4 protein chains.
Amino acid sequence: MIIVMKPNAEESAVKKIITKIEEKGLHTHLSQGEEVLIIGVVGDKSKLDTNAICALPSVEKIVPITESYKLSNKKFHPEPMEFSVGSTKIGPNNITIMSGPCAVETEEQLLKIAHAVKKSGATILRGGAYKPRTSPYSFQGLEVEGLKYMQTAAKETGLATICEVTSAHAVESAEQYVSMLQVGARNMQNFELLKEVGRTGMPVLLKRGLSATIDEWLNAAEYIMAAGNSKVALCERGIRTFETATRNTLDLSAVCVLKEKTHLPVIVDPSHATGVRAYVEPLAKAAIACGADGLMIEVHNDPAHALSDGPQSLNFEQFDSVMNNIKPYIELSGRTL
Amino acid sequence: MIIVMKPNAEESAVKKIITKIEEKGLHTHLSQGEEVLIIGVVGDKSKLDTNAICALPSVEKIVPITESYKLSNKKFHPEPMEFSVGSTKIGPNNITIMSGPCAVETEEQLLKIAHAVKKSGATILRGGAYKPRTSPYSFQGLEVEGLKYMQTAAKETGLATICEVTSAHAVESAEQYVSMLQVGARNMQNFELLKEVGRTGMPVLLKRGLSATIDEWLNAAEYIMAAGNSKVALCERGIRTFETATRNTLDLSAVCVLKEKTHLPVIVDPSHATGVRAYVEPLAKAAIACGADGLMIEVHNDPAHALSDGPQSLNFEQFDSVMNNIKPYIELSGRTL
Amino acid sequence: MIIVMKPNAEESAVKKIITKIEEKGLHTHLSQGEEVLIIGVVGDKSKLDTNAICALPSVEKIVPITESYKLSNKKFHPEPMEFSVGSTKIGPNNITIMSGPCAVETEEQLLKIAHAVKKSGATILRGGAYKPRTSPYSFQGLEVEGLKYMQTAAKETGLATICEVTSAHAVESAEQYVSMLQVGARNMQNFELLKEVGRTGMPVLLKRGLSATIDEWLNAAEYIMAAGNSKVALCERGIRTFETATRNTLDLSAVCVLKEKTHLPVIVDPSHATGVRAYVEPLAKAAIACGADGLMIEVHNDPAHALSDGPQSLNFEQFDSVMNNIKPYIELSGRTL
Amino acid sequence: MIIVMKPNAEESAVKKIITKIEEKGLHTHLSQGEEVLIIGVVGDKSKLDTNAICALPSVEKIVPITESYKLSNKKFHPEPMEFSVGSTKIGPNNITIMSGPCAVETEEQLLKIAHAVKKSGATILRGGAYKPRTSPYSFQGLEVEGLKYMQTAAKETGLATICEVTSAHAVESAEQYVSMLQVGARNMQNFELLKEVGRTGMPVLLKRGLSATIDEWLNAAEYIMAAGNSKVALCERGIRTFETATRNTLDLSAVCVLKEKTHLPVIVDPSHATGVRAYVEPLAKAAIACGADGLMIEVHNDPAHALSDGPQSLNFEQFDSVMNNIKPYIELSGRTL
């Protein structure tokens, strides 16, 4: 941590800061520039109240040098993480495909989709039972009923299952029925929910917030891990920009950044990122090409009648075609399905 | 609602859509352009599955013409809303000042601050007992203990009180101790929490999400109101942009847009928006000048030792000076404190 | 300037960097943290090739501590700048009102508007003769013909005049006919144009680029000033964000930041920022309230038939009303029209 | 085009608009909704003054249905375009690799780089002779001297060459020495420059503006094409967002959108988009995987001593390795180098 003093900072103010820091057992290095004085701080910054220092009138700004997340930090965990989800794994050796409908609608629909995505090569069935929708008047999900259908589909097909949770209450239900919990973009900084999914010890997919920096995202993962749960995968699903041709802007460079900063697996969701069916295949290939560990792809038996997010859903034939067309890219990545 | 067909859409596809719409009791108007055909839809769109239509291969896009929020829509409630919070009011007749520390630290601290902000003219005491912090290792708030201090401060000073809630559990506690609940920016689309604060019937301050559009914000307010609670005020607190000189970009034009679209009161928080103490006064004046119904301003007895957000907090003297300096602007607005 | 080394940087790499820096006559301070080593650099950084250092494999990142702009930097010019434009002044003592049509259409139209805006209190007539339009098929301006009308209007009314320039060629023409040159948002980083307007020595209004940081904006001003022209005013006109309810997001906190970082005057353009006529008055008041030195407001004799930007233009009556309604705010700011 | 009237629009206002539209030879279709009336407009909208209509008090908004660009629009040019640049081609059959230093420094340096990038498979040598730099005190390029080195390098190696132009003056020089002109991000809406490069008839690479929408970008291409030059390729180089881990956010979904909207070739520049050397290879692969027609990659003989943009430059060995590693992706795309 670097403390930049204001040009006119008095010596007494500098001394006061140094004393304050050294009282906490940290060390300081002074560096007098031609215009400004800089105080370097060495040691465990968590003992220090940086806000208090930053609020001092003689302090210009504080520049952090090291990250605040530790458990999710590759520096301390250099090997890529791998963990099991039901009968499959997420990690550096395979490309995990999570597919299914945006929202679970009926048992029959879900079973039909589950069989179809399994046949094409998916290993995790996704399906929303709790839908966070912009308007209170939109369809909000089947809740426990939907979770039960997920369980049935898992039993019938052997697929692992993932379902978004939106409250502590939903977590309690979901942990009985599915193999993996998803925290959605709108809840990425719902810290109470993060602690709750941390408590379960179950595999968690943490989607990136609509305008979350990578740093905030890793800190959100840290909440889950600090609650004792290390099985966290991150899901890039597009960030909010001024561009309106796609629903969001898929940030594939985030995959590269994450691969440098964390050992946690990274999943890419081209369906939600773009909101356009035709862009799913090219961006799925791109995601694998730049190092993603898996894909989340929306599939629906009848996209034209889907209760949620129809325009981006693939039908069975389209999904099968995408799966065939991405296979050479999976091979190039040195992984298997 | 307008359905824009693809240039090559076949007549049979158009007929199918029209049938689908008319089956639901809505009406259609066709408009054949030189390149594309447009279907206008008239009637109650909530009966219609727009996603299903948008997913049809012959449909280019759907353009909504009217808003999805009703209870928070000025079109149906042309008069500005006013409601009581403890002994004060929020609405078109006064400028409500909510002040206090970012985080409640001790009873003594809170009482000191409460007396000071009251003396300078604030009518609502703010103070965080549940702090949503980016890192799990930052101070997370005193929780119920902090709420009790808020209650004590209210009794001692007669101020109304507001506290952020971050979970259903926190709502249950907070409704016993404070006069108004706050939903923070990170939870603006935590829909379960919105329903929960809606259930309480208490006044709610709904902060804008970091990258929320005004439309999404009003839909979030609609969640609270649809749960039976009409006492909602909106708080603009800065949006996320590429600019780094301020923590966020305070969007004062949003105040103007809101005044046109909704009858709900609008509060502006220049402290969190900028993160810089020196910008609070000029932007407080600007907020009043462009029509805001109130201000949220951070005040701390000792900003240099604040446990949270020190750099933007005013001390008592600074706050008193701001309150004096904004008075002529309040007068110009034709309101009272 | 701070150089942060990678955790595994070898001693020989560090030594090489230090030698390189000291060869240029600068000094270094080392600060060994628990995880990383930091090299502080003291002296005239312009002698140093920072990109070269940043490219070294052992370097993590470089953190600049002081700004690269000098002539536009308040640190070196603590007094607010004032300069003359025709018969009026821009600076700390008055609120300059620049008004007129987006595009000059006919001599008759321009004269009519010039008389009207003068009567209501404007001192500078704005009018576009070179229009940078998104589509090549939109009206592009009357060019020299329009400039001549501006000159006529100046002679008839005594108003100073301002016109946007879009090329070196346009600068050559405009400097013969108008009192002040404007560099538009799309050209903020058209550095050849900046040098060209710098060369003229005429007053320049430099609009902020659609996604320019304040730092880049001040560096753009530095281009004009480094070419020998110190008469630069900055114009905040909205930045590009995800919000679509307004054309851009007016960044009034930028006014506060600029007032801290530079001595150059700051003008606010609520017409272009929002694109909505009804928002001009409240945001004009807000701009004055937070410290702006002037306003640019679009006025048209017949907004419904304007060749450019009709929806945001005020007619004469509306402009007169805005001018009357902002007067108390001008008084409060301790300035005159 | 759709005109949405305000809820309270009077019949006389509607009639006036219809008359105005029909006078221009266009047709209207009325659609009376429960809340609002909509007027559909059919025919050649370029005859219509849409701003004037939008400015009418009874009009809520105008929704465009078709794009304003024609020459760059795939609807009218369904086949992907291909054009020659020196001895190579840009188009659907090959992956064009443009490589070289950010800035031309010396003849010796440029020749060394030219030989190296040719050996590894590049077909176009890039090199900046006019550098648009944020600060006026940064290195601004060798100008004509640099162009001459480019010509020498072309003669020695047979490579085609590309150089950024920043003014009409630079265009006049560059067209004598290089095979292709580049318009940089900061000049994407420097419309005078676009007309100028249009006039030359030479191949042009148009980089996307830092916050340009895809629609604005295609309209900028339209400026060049409307000036009589159809040889335009588009270059995605990252957009400005709130994320700070990469210099910009590479928008690969833009490649997919462009492939749907235009027949112009699309090049991706991972070097400038991220500013980080290590991200160039994974994003180069991703770009090819999602349909790009070529790559622009910065290469420098000695990145640690580059006069511009060192941190993102590859050295010869690194570039050769990237070229080898992307070959399987080029093969998968069904193209050749």
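**Chains C and D.** I looked up how chain C relates to chain D in this predicted model. A rotation of 180 degrees with 0.0 Å of shift along its axis superposes chain C on chain D, with an RMSD of 0.1 Å (least squares on the C-alpha atoms of residues with pLDDT of at least 70 in both). That is the relation of a two-fold axis. The same surface serves both copies, since 100% of the contact residues of chain C recur in chain D (contact means heavy atoms within 4.5 Å).

**Conventions.** I number residues from 1 along each chain as its sequence is written, and chains are lettered from A in the order in which they are written. In this predicted model local features need pLDDT of at least 70, side-chain atom pairs count only at pLDDT 80 or more, and totals for chains, interfaces and linings use all residues, while side-chain values use heavy atoms, without hydrogens and water.

**Domains of chain A.** An automatic or database assignment sets the bounds: domain 1 is 2-63 and domain 2 is 83-332. I note 44 Å between their centres, taken over C-alpha atoms.

**Helix 7 of chain A.** Helices are DSSP runs (H or I, at least four residues), and strands are too (E, at least two), numbered from the N terminus. I find that helix 7 (residues 214-226) is mostly covered, with 11 of its 13 residues buried (under 20% relative accessible area, 1.4 Å probe, protein chains only). Among the buried ones are A:W217, A:L218 and A:Y223. Their cover includes helix 6 (191-200) and helix 8 (253-261) of chain A. Just after helix 7, A:G228 takes a positive phi of about 100 degrees.

Key
Buried < 20%, exposed > 50% of the residue type's maximum accessible area, 1.4 Å probe, protein only.
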